[in-house]
Amino acid sequence: SIMKLILVLAAMLIPLLPQAMERHLDAQLPHPGSLDSILTTAGREGVTSLTITGSMNSDDAQAIASIANLRSLTLPAMTIALSPSQLQLDSLCHITYAGPVDLVGAHSFTNCPSLETVTFGSLVGHIDGYMFFNCPKLRSVTFAGPLIDTGGELFMSGCPEVETVNV
């Protein structure tokens with residue numbers, strides 16, 4: 001019957017809905033502070049993955065914080081690492097710092113309930129220490145490039161799932 005066919009089709013399509021709603025955006029910033037206009041033009045709704053190239057400033061950080069369901073974020077080189085704690089994006093699962101980072105401040109990754117992986121793809125100049133606190137789903141931290149200096153331990157507490165730290 002037609003009702004049976006509708007139920008079968010619904011059962012097949014419902015699992016695909018979350019995947020269909022995921023959307024990646026590559027944002028090439030022509031100048032610091034331009035991310036909000038890029039998101040306005042491209043449409044920030046439904047963006048779950050964002051890769052940024054170019055120089056950023058605090059206005060760009062605010063624009064990132066306005067993306068409600070952001071799960072994956074890739075950032076360019078920066079003097080001071082943008083802190084997921086400051087963004088208050090409870091949905092963020094993966095963050096990659098693609099370029100060199102001069103400084104990662106203490107408590108940069110505090111109270112990040114969904115964060116699973118953190119990757120530094122290039123040189124990290126200095127870590128103040130105690131970067132991670134209360135990240136219950138954090139599994140992996142990777143430093144793909146050199147780590148020049150640390151000011152203490154990486155982890156405080158509240159990160160029970162950490163399996164690998166690659167330096």
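I took a disulfide to be a pair of cysteine sulfur atoms within 2.5 Å, and by that criterion I found 0 disulfides in the structure.

**Ground rules.** The model is predicted, and I therefore kept local features only at pLDDT of at least 70 and side-chain atom pairs only at pLDDT 80 or more, while totals for chains, interfaces and linings use all residues. Residues are numbered from 1 along each chain as its sequence is written, and side-chain values use heavy atoms, with hydrogens and water left out.

**Cysteines.** I looked up how far the sulfur of cysteine 112 is from the closest cysteine sulfur. For burial I used relative accessible area, with buried under 20%, exposed over 50% and partly exposed in between (1.4 Å probe, protein chains only). Cysteine 112 is buried at 7% relative accessibility, and cysteine 159 is buried at 15%.

**Overall counts.** I counted helices (H or I, at least four residues) and strands (E, at least two) as DSSP runs, numbered from the N terminus. The protein has 5 helices and 13 strands, and of its 167 residues 39% are buried. Taking contact as heavy atoms within 4.5 Å, I noted that residues 24 or more positions apart account for 36% of the contacts with a separation of 6 or more.

Strands were called paired if DSSP finds at least two bridges between them. This open sheet runs in the order 1-2-3-5-8-11-13 with parallel pairing. Its edges are strand 1 (23-28) and strand 13 (164-166), each of which pairs on one side only. I took axes as lines fitted to C-alpha atoms, for helices over the stretch in contact, with angles from 0 to 180 degrees between N-to-C directions. The twist averages 5° from one strand to the next in the sheet with order 1-2-3-5-8-11-13. Within this sheet I followed strand 2 (residues 47-53) to strand 3 (residues 72-75), and found the two parallel and joined by 3 bridges. Threonine 51 has threonine 74 of strand 3 opposite.

Strand 6 (residues 101-104) runs parallel to strand 9 (residues 124-127), with 3 bridges between them, and leucine 103 has histidine 126 in strand 9 as its bridge partner. Strand 9 is also joined to strand 12 by 3 bridges, again parallel, and isoleucine 127 stands opposite threonine 150 there.

**Alanine 81.** I then asked where alanine 81 lies, and found it in the loop between strand 4 and helix 5 (84-87). Alanine 81 is buried, with a relative accessible area of 7%. Not counting residues up to four places away in sequence, alanine 81 touches Tyr97, Val101, Leu103 and Val104. The C-alpha atoms of alanine 81 and valine 101 are separated by 6.1 Å, although these residues are 20 apart along the chain.

**Helix 3.** Helix 3 (residues 35-42) lies across strand 1 and strand 2, at about 140° to strand 1. Helix 3 also packs against helix 4 (residues 58-65) at an angle of about 35°, with the axes 8 Å apart. At this contact, Leu35, Asp36 and Leu39 of helix 3 meet Asp60, Ala63 and Ile64 of helix 4.

**Core.** I defined a nonpolar core as a set of buried Ala, Val, Leu, Ile, Met, Phe, Trp, Tyr and Cys residues joined through side-chain atoms within 4.5 Å. The largest has 41 residues, of which Leu50, Ile64, Leu73, Tyr97, Phe109, Phe120 and Phe132 touch the most other members. Leaving aside neighbours within four places in sequence, leucine 73 is in contact with residues including Leu50, Ile52, Ile64 and Leu87.
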